[in-house]
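Hello,

Here is the structure I promised to pass on. Please open it first, then read my notes below.

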Amino acid sequence: MIRFRPASTVGARLAFLTVCALVLLFLVLPVVAIVPLSFSADPWFTYPLPGWSLRWYQDLFGSEQWRNAFFNSLIVGSASTVLATLLGTLAAFGLAFHRVPFRSLVMAIVICPMIVPVVITAVAMYFSMQAVGLANSYTGIILAHTALSCPFVVLTVMAVLNRFDRNLERAAASLGAGPITVFRKVTFPIIAPGIVSGALFAFFTSWDEVIVVLFLGAPDQRTLPRQMFSGIREQLSPTIIAAATLLIAGYIILGIFMAFRRDTGVQR
Amino acid sequence: MFSPDSVVSFKNVSKTYDGKTFVVRNLNLELKKGEFLTLLGPSGSGKTTTLMLIAGFEHPTTGLIQMGGKVINDLPPSRRNIGIVFQNYALFPHMTIAENVAFPLQVRRVSKPEIQERVSAALVKVQLTGFAERKPSQLSGGQQQRVALARALVFNPSLVLMDEPLGALDRRLREVMQLEIRSLHAALGTTFVYVTHDQSEALTMSDRIAVFHEGAVQQLATPTDIYENPRNGFVARFVGESNQFPAILRGTEDGCAIVETPDGVLKGRHFLADEAGGDQVLVSIRPENISFDGNAGDDNCIGAKVIDRIFHGDHVQLSLETASGIKFVGRSSAELGLQQDDDVVVRIRKEKCIIFSQK
């Protein structure tokens with residue numbers, strides 16, 4: 001089929017695409033710019049690259065510190081994700097489906113960790129965890145990260161619940177399903193994508209978090225961001241860039257996977 | 001007293017949320033086995049609340065709801081064996097059409113082969129074979145409506161409730177679905193309770209109509225009876241069209257009430273409570289019962305002027321006004337040739353002129 005377009009529309013479309021491309025470039029360029037540095041032969045961050053090498057990747061994989069940091073991040077991230085998803089989903093159900101006294105106040109408190117500057121939260125966490133003997137422990141960091149990531153779960157799950165048609169629950173009940181079956185067969189499958197994206201938000205909140213870990217973590221609980229942070233301060237080497245490059249690659253793969261899932265997955 | 005052919009009965013049921021305003025007040029209603037009962041009323045009249053009380057999503061504040069002789073005031077909806085068709089269909093979006101229809105059978109732990117058999121039989125009944133593997137979002141409104149019907153019927157419920165099920169469809173499709181629902185009802189013999197605010201829908205589909213207003217049933221009768229013998233001014237206004245104007249009661253004679261209007265005396269049937277001569281009452285006349293062959297001075301004849309004329313194809317609608325300023329609407333065939341500003345004498349047969357209490 002041949003479609004005719006007036007010239008002015010073509011021009012406008014071209015301008016639109018150019019602006020879009022520039023904005024995307026602005027977002028991505030600084031990140032892309034550091035990637036080649038991880039393959040540099042010299043420990044100096046300079047362009048043009050003096051030569052290519054994989055020595056920083058060798059460093060990274062050979063280092064016990066980095067390996068520990070990776071596993072610490074994984075442990076803290078998954079534990080706080082499970083907790084935050086559970087608590088956040090329950091809170092979202094309460095706030096979205098039931099009459100809650102002082103609802104906006106409760107909401108404000110739940111969202112608090114997202115709005116208060118992390119440094120303040122971190123200081124407060126430090127003092128309170130210290131008081132109950134949880135400073136310098138996995139439990140302390142996991143609880144702190146749970147508090148930080150809960151708001152993301154609450155907000156994403158509330159968003160799907162607000163769009164959820166409660167008549168579906170009534171329909172299911174009228175068709176003979178008890179409350180548990182209604183949840184299992186109807187409510188949960190429909191809101192599951194919201195819970196999954198809340199959980200992803202929660203995981204990456206913890207995965208990226210450095211300030212609370214700086215306050216609460218002992219050397220044993222060094223997470224990846226913490227390791228990078230101290231790397232930058234103590235011995236600035238392209239190993240950090242190598243680690244960063246691998247993380248970026250991970251994010252890209254995850255992003256492609258999720259985009260693919262959304263395109264082919266169950267659609268409403 | 002429990003009568004064997006009653007499916008559900010309401011005994012003095014009231015429902016209030018705040019203790020002051022009653023959504024349903026002192027309702028007594030009996031659903032007869034196999035009937036098509038329509039709850040008709042404007043929004044806020046309590047018809048939907050009544051439906052929700054039957055379904056078990058609302059619980060009565062006072063009074064008893066009985067089903068098969070047992071009180072079911074607090075029985076959860078899942079144990080009432082009632083099929084419900086919701087206004088927005090409420091199909092499960094993540095399931096296919098077949099899975100939607102199979103849902104009530106699955107929760108009842110029916111065996112797999114039997115589920116398959118009954119689901120395909122149900123889809124045949126609503127003419128949706130071949131759609132089994134589609135998702136609800138891939139179906140048109142009318143098709144989704146049929147799926148909702150199949151799902152509500154597949155488990156052989158003792159009662160089927162429908163909450164304005166055709167509200168979202170366009171007029172032509174609505175008329176088709178009205179006939180389909182009607183013939184499904186005839187074929188199945190299940191009791192149907194249908195909620196609507198559309199009086200013509202209620203008249204065409206129902207065995208009996210309960211007209212709701214302000215939380216109470218104004219009249220419960222067959223469509224013909226509701227239309228021909230409305231019990232009060234509200235029913236006459238809400239079902240079909242009615243011209244209504246106030247008059248002064250002069251007395252009764254041979255079962256007829258005699259009222260006086262500024263333009264003359266009218267005789268008519270009456271549904272009066274304790275009104276006496278001199279009280280104000282309401283005269284109610286349907287447009288189609290006004291004829292234009294009156295003679296000045298005859299009984300029940302009034303002079304009027306045609307102030308507007310609207311052509312409707314099969315008839316002409318005439319806006320009329322009497323000398324004293326009472327306005328009313330009449331219908332005539334186009335052949336009668338009445339034009340604007342013509343003077344006419346209308347005749348209202350006394351059996352078609354109905355006198356109500358003012359309230």
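My notes cover the numbering, a barrel in chain B, one residue of chain B and the contact between chains A and B.

This is a predicted model: local features need pLDDT of at least 70, side-chain atom pairs count only at pLDDT 80 or more, and totals for chains, interfaces and linings use all residues. Residues are numbered from 1 along each chain as its sequence is written, while chains are lettered from A and ligands numbered from 1 in the order in which they are written.

**The barrel**

Chain B holds a closed barrel of 5 strands, in the order E11-E12-E13-E20-E14, with mixed pairing. Neighbouring strands of this sheet are turned by 55° against each other on average, direction ignored. (Strands are DSSP runs of E, at least two residues; helices are runs of H or I, at least four; both are numbered from the N terminus. Two strands pair if DSSP finds at least two bridges between them. Axes are lines fitted to C-alpha atoms, for helices over the stretch in contact, and angles run from 0 to 180 degrees between N-to-C directions.)

Start with E11(B), residues 243–253. It pairs antiparallel with E14(B), residues 280–285, over 6 bridges. Ala247(B) sits opposite Val281(B) there. E11(B) also runs antiparallel to E12(B), residues 256–261, with 5 bridges. Glu253(B) has Cys256(B) as its bridge partner in E12(B). E11(B) and E12(B) make a hairpin with 2 residues between them. In that turn, Asp254(B) has a positive phi of about 50°.

Val281(B) has Ser357(B) as its bridge partner in E20(B).

**Val23(B)**

Val23(B) lies in strand E2(B), residues 22–32. It counts as buried because it has 21 C-beta neighbours inside 10 Å. (Buried means 20 or more other C-beta atoms within 10 Å, exposed 12 or fewer, partly exposed in between; C-beta atoms are placed from the backbone.) Leaving out residues up to four places away in sequence, Val23(B) touches Lys15(B), Thr16(B), Tyr17(B), Gly46(B), Thr49(B) and Gly215(B). (Contact means C-beta atoms, placed from the backbone, within 7 Å.)

**Chain A against chain B**

The contact takes 17 residues from chain A and 19 from chain B. On the chain A side, H7(A) (167–174) and H8(A) (179–208) each supply at least two residues. H7(A) gives the most, with 6 residues.

Best wishes

Methods:
Two residues are in contact if their C-beta atoms, placed from the backbone, lie within 7 Å.
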